[in-house]
Amino acid sequence: MTFNSLPFLIFLPIVVITYYLLAPRWRWIMLLAASYLFYMWWNPAYIILILFSTLINFYSSHAIERHSSKQQKKKYLYLCLITNLGILFIFKYYGLFTQAFMGIADIFGVKARLPFLNLLLPVGISFYTFQTLSYTLNVYFGKQKAEKHLGYFALFVTFFPQLVAGPIERYDRLAPQLKTPHSPSYENFSNGFRLIIFGLFIKMVIADNLAPYVEEIYSQPAAYNTFHLMAGLGFYSFQIYADFYGYSTIAIGSALLIGVNLMDNFKTPYLSASIREFWRRWHISLSTWFRDYVYIPLGGNRVKWSRWAVNIFIVYTLSGLWHGANWTFLIWGSIFGLMFIIERFFYERFGIISTEKWGIRRIFGVLITFVIVTLAWIFFRSSSLSNALSMFEALLNNTALADPWRPDPFIMFWLGLFIILDLLLFNNRFDQWCSKKPLWLRWTIYTLLIFGITAFSGIDNQPFIYFQF
Amino acid sequence: MKPLAAKILPRLFILAIIAFLLNWIYTVEFYPRDLKKIDLLDSLQKVIPQSDVIYFGESSNFSFIYEDYDQRRISDFITDYFPGLQVGTVNKGALHAGIYLRLLQQIPPEAPVKTIIITMNLRSFSADWIYSKLENVLQRDMVLISDGPPLWNRFRLGLKAYDNKTSMQRSLQVKYALKTQALPVDPPCNFPNAAAWIETIKKSPTYPLIDDSVAKALAVSFVVNYGFQIDTMDNPRIHDFDDIVKYAHQRGWQVILNILPENTKLSSALLGPCLKKLMMSNAELLTKRYESQGAIVVNNLELVDSSHFSDKKWPTEHYDEYGRKMVARQIALSMKNLYPNYFSDVFMKSYFTCDYETPSPFFLTLRKDSTCSRSGKFAERLDTNNAFGARFVRHYYEVKTLNPQKITASGWFTGNYQPKDVKLIISIEDDKKQSKLWTASVSKDMENGKWASLQVSATIPENFGPNDVIKVYFWYTGKNSVWIDDVNITLQTENLNTESDTISSLIEN
């Protein structure tokens, strides 16, 4: 089930109403059943993977906690890691692995052939795998007590608003909220409603309407001139932002309706004045996951410069790979790693860009960062390296080409509105920003958003981009 | 709970008022614009005000063959039989009765439509079509014309709230249907269902009966597409056609159902008599069912020979020019009694004219030009880019009933030219593209800048046969532009003087 679907718009009120009608001790059962139903709507068979992952993590964490010997603890941790990452590897990375393996074998003149597995990538596998791993790792590091209640643990793994595309929550933040007997609150309802309509607006009106234009230029970049390609790349920057930000916003809004506060996943990332700032504002739950479970264990920044640079590069390359099993994602991640390192030692050391206060320097930084991020998206969006290179080639060479690319003026209007709202929301969340505005302005904004959603949403099938991860 | 309800309910009420107002704004300002974006609805809106007859079809209506002289659609060929009658066309690939019904419901009461011709594709009754992944797009196109407030329908479009399934879901539906839809067991046809039949094809070394690289895949495709017995209780297409006939009667329209030709010959060659038997029994069922409901059913199932199907590697209803013309003829003949005053048998037609003003369907590749004209406003310009004028083409099968002995062509031209550069040509071409030519060219004393005419006649050879074709056209090899107008062609049935096969004349205007 997707958030921008009629079944979800029926499902959500039923879940919310039932949640508050039920006695608190029964609520977890209803939420768990609803979450499984939500997931099975897409592909019932793959619920087995979630159940398996739930059981492995639940019992491994108990075993880790029960044993006092570090060796025994490690054994269970490895079992858990191998199982979780093994499933992820088979479903997500096996294709890339076989391709690389056979390529290397060919170089050495060996005709190696590995079996081809035609497996459908389970929706959200990277999200729930990382969420459950964070829990088990915390138990191993002694930061977290193992959950005694299998039902609540299963609910933590599958809580429907954030199951398939995050935010990747931590156990100590989410589980206590799932156990709290929330009462219906007007504030939660109104904030949840605001976030849901805002999320639907940016997904359905911005992302879904930009998608066909982006698809057009990516399918044949050679046919478009440099100016239009640049506009198309800018469109993709907003498409992916609106798509993922929209999803996260609806997730946060839906959870809020039952009193659960999920973490913010985006904070106006295109207003970042540096790559470092960008990653503090973009997909925050993933960035913090990599910070806590990869970067810090590698030594973080309390190491020599060269080691730090390696750490940064590893973190960003892994983050690229997390997104997908393709060389394009690897390069995309590496670009950010490299830019992060360059930025620190050339920009910040010589004080070229001030990232603190708004001014000429910051605006310049925002523009530079946006251009770098937009160019990096070329690797993210392209299906192969050769496609990405074709795009760069067309960008540089097609200066004189004429083409009939004419975006719909209504779409440009809605995109303009979204950009203005994004500027106004700097360091703020839509619901909180909205609550401080006068009544007439609030309702004007609601009316505009509702009109956009109902009358101008994209009509082509555009699944959430991050579902594939 | 009470204070909460007191806060929420007034806001819900305000939201309802906003929704009502937004629906009004959308309906007035944006709905017509959205309708125009859906090509199917847009084309329907365009044909409604001027059509006496509307032809609803899918891809069978089009030409997929580059070599066809006449690339026009079946529906256009029907028009040739009824000069003066307006035949509109609404077609798109993969359309089916469910969609036709929704489109018919869009025709307003004041529309001049009196007859509807509906394509009845046997394959559209199969699970493979019913659960086709193309269905998503068709259903999407229909959302805006569903019942309910337009804004709600537009919202549904954004939510993809229609029959919108993934390819995997659709393929599972097809597989299930192939396994569960029972087939009549009638020796030697002993397959309980299509899935079992397909399994036999895949496993057997001697079945299908043709042994070549594509035969197995082709045989499987045939069974998937036609290996079913129409269940009148459960098949959704039956319900759609029932509704179409009923609806048409309510509106006072004549309904013509056109059962399309299928490649029964190839199916028999591959699979023996079983599949053809099924196809025929399904076609008979449909004919009986809908004739009893008052529709005119044209059963063309075996009308077109295998060689006239354009796709050789999978079964489709895509025909070459001959196939499309034959289907059109059968439909036209079935309409003869409905429009006796308009009917003109194309195969008996002996006089053809092209004045560049009125429609001249028998002249192909016609390009109008308004720079100058002999009659009316238009003529055709010939120059270095366009060396050939509108081409008249007549196949053997189109003239054999008339059985002409002679053809005469004449046409007018003007411009600044060299005499040797302008020619009016009659060509009779056989299946090996060998031509026999009769040419009329300009005499030297002709005055440039004035309208003049050329005329040429030819005796049609006695061995003029099934694969031969008559062509008439102007050919210009000069550099300056010339214009041609008022081309007339006569097929003469009586045996006239054939002493001179080539006549060239110059008539001062």
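Leaving out neighbours within four places in sequence, B:Tyr207 is in contact with B:Phe191, B:Trp197, B:Thr200, B:Ile201, B:Lys216, B:Leu270 and B:Leu271. Contact here means heavy atoms within 4.5 Å. This is a predicted model, in which local features need pLDDT of at least 70 and side-chain atom pairs count only at pLDDT 80 or more, while totals for chains, interfaces and linings use all residues. Residues are numbered from 1 along each chain as its sequence is written, chains are lettered from A and ligands numbered from 1 in the order in which they are written, and side-chain values use heavy atoms, with hydrogens and water left out.

Stay with B:Tyr207. The residue sits in the loop between helix H9 (194–203) and helix H10 (215–226) of chain B. Helices (H or I, at least four residues) and strands (E, at least two) are DSSP runs, numbered from the N terminus. Is B:Tyr207 buried or exposed? Its relative accessibility is 13%, so B:Tyr207 counts as buried. The cut-offs are these: buried is under 20% relative accessible area, exposed is over 50%, and partly exposed lies in between (1.4 Å probe, protein chains only). Now look from B:Tyr207 to B:Ser292. The two are 85 residues apart in sequence, and their C-alpha atoms are 39 Å apart in space.

Next, step back to chain B as a whole. Chain B has 15 helices and 16 strands. Along the principal axes, its C-alpha atoms fill a box of roughly 105 × 65 × 40 Å. Of the 509 residues in chain B, 53% are buried. Take the contacts in chain B with a separation of 6 or more: 77% of them join residues 24 or more positions apart. The accessible surface of chain B is about 23,500 Å², and 54% of that belongs to carbon and sulfur atoms. Such areas come from the Shrake-Rupley method with a 1.4 Å probe; for residues, only the protein chains shown count as cover.

Now try some other places in chain B. B:Ser51 lies in the loop between helix H2 (39–47) and strand S1 (53–57). B:Ser51 is buried because its relative accessible area is 2%. Which residues does B:Ser51 contact, leaving aside neighbours within four places in sequence? They are B:Gln86, B:Val87, B:Gly88, B:Pro112 and B:Val113. B:Trp483 is 432 residues away from B:Ser51 along the chain, and 33 Å separates their C-alpha atoms.

Two loop residues have a positive phi. B:Tyr356 is not a glycine, yet its phi is about 65 degrees. B:Tyr356 is in the loop between strand S6 (351–354) and strand S7 (363–364) of chain B. With a relative accessible area of 1%, B:Tyr356 is buried. B:Thr365, also not a glycine, has a positive phi near 45 degrees. Its loop runs between S7 and strand S8 (380–382) of chain B. B:Thr365 has 47% relative accessibility, so it counts as partly exposed.

For a helix residue, go to B:Lys277. This lysine is in helix H13 (residues 273–292) of chain B. B:Lys277 is partly exposed, with a relative accessible area of 39%. B:Cys189 is 88 residues from B:Lys277 along the chain, but their C-alpha atoms are separated by 9.5 Å.

Turn to chain A. Its domain assignment gives domain 1 (6–179) and domain 2 (187–273 + 353–456). Domain bounds come from an automatic or database domain assignment. The C-alpha centres of the two domains lie 29 Å apart. Across the boundary, 21 residues of domain 1 are in contact with 17 residues of domain 2.

Finally, find the second largest pocket. Its volume is about 1,400 Å³. Of the 37 residues that line this pocket, the closest to its centre are A:Pro13, A:Phe193, A:Ile197, B:Leu12 and B:Leu15. On a 1 Å grid over the protein atoms alone, a pocket is an open set of points where a 1.4 Å probe fits, with protein on both sides within 12 Å along at least five of seven lines; lining residues have an atom within 4 Å of a point. Grid points are joined across faces, edges and corners, and a volume is the space filled by probe spheres set on the points. Which helix gives the most to the lining of the second largest pocket? H1(B) does, with nine residues. Domain 1 and domain 2 of chain A both give residues to this lining, so the pocket lies between them.
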